[in-house]
Amino acid sequence: MDCVAVMRMRWRRPGPTRRCGSGWPCRRRTLGARAGAYVARKRYADAASHGSWWVICGPDGDEFCGVIGLQNVADGSAEVGYWLTATARGHGLATRALEAVCSYAFMPAARGGLGLRRLSAGVAAGNEASARVARRCRFQQIGRARSAEVLGDGSVVDLLLFDRLAGD
């Protein structure tokens, strides 16, 4: 199955992932086009401006479960972002993926990593599951940005700010 078909199939399922990965409300008649646009944007994005993104797969390695990525990589720091499909939540996949990305980000460049000193993450207020993932991966909440995140439904929420240093 190609990437677009997988995205269309996943976004068709009910659940909070109705944002379609980019803040779009999901409507069945436009899922294919939107999935195609999302995949094209990520596949050909310039790493310097859009970061690096990886697919999160299920335990068997074939099932698309979400994405995780590093963006705004500069001056020894980067921002991490992640999301899972509704059916993939609650199985520890985001925690394992975030730990893997942190290991890569903090690994010295001489050993194949990025050699970063700091990672940050922003979590929409009320998204307790995502905040738990960050805390499990040793991120510390350092603040709150008020009215900072526009959700797919157009509502605006506070953003909980987290960071983790290489030595944490």
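Student: Where is the place of Tyr 104?

Tutor: Tyr 104 sits in helix 4. Before we go on, this is a predicted model, in which local features need pLDDT of at least 70, side-chain atom pairs count only at pLDDT 80 or more, and totals for chains, interfaces and linings use all residues. Residues are numbered from 1 along each chain as its sequence is written, and side-chain values use heavy atoms, with hydrogens and water left out.

Student: What makes a stretch a helix or a strand, and how many of each are in the protein chain?

Tutor: Both are DSSP runs, numbered from the N terminus: helices are H or I with at least four residues, strands are E with at least two. The protein chain has 5 helices and 6 strands, and along the sequence they follow the pattern α-α-α-β-β-β-α-β-α-β-β.

Student: Why does Tyr 104 count as partly exposed?

Tutor: Buried means under 20% relative accessible area, exposed over 50%, and partly exposed in between, with a 1.4 Å probe and protein chains only. Tyr 104 has 33% relative accessibility, so the residue counts as partly exposed. Of the 168 residues of the protein chain, 36% count as buried.

Student: Which label does Asp 75 get, buried or exposed?

Tutor: Asp 75 has a relative accessible area of 71%, so Asp 75 is exposed. This residue lies in the loop between strand 2 and strand 3.

Student: How do you know that the count comes to 0 disulfides?

Tutor: A disulfide is a pair of cysteine sulfur atoms within 2.5 Å, and by this rule the count is 0. Take Cys 57: its closest cysteine sulfur, in Cys 65, is 6.8 Å away, so the two are too far apart for a bond. Cys 102 is in no disulfide either, with the nearest cysteine sulfur, that of Cys 137, 5.9 Å away. Cys 102 has a relative accessible area of 0%, so Cys 102 is buried.

Student: What makes a group of residues a nonpolar core?

Tutor: The members are buried Ala, Val, Leu, Ile, Met, Phe, Trp, Tyr and Cys residues, joined through side-chain atoms within 4.5 Å. The largest such core here has 28 residues, and those touching the most other members include Ile 68, Tyr 82 and Leu 98. Among the elements giving two or more residues to this core are strand 2 (64-74), strand 3 (77-84) and helix 4 (93-106). The largest share, 8 residues, comes from helix 4. In soluble globular proteins, nonpolar side chains tend to be buried together.

Student: Which residues does Leu 98 touch?

Tutor: Contact means heavy atoms within 4.5 Å. Not counting residues up to four places away in sequence, Leu 98 touches Ile 68, Val 80, Tyr 82, Val 133, Ala 134, Cys 137 and Phe 139. Across the protein chain, residues 24 or more positions apart account for 47% of the contacts with a separation of 6 or more.
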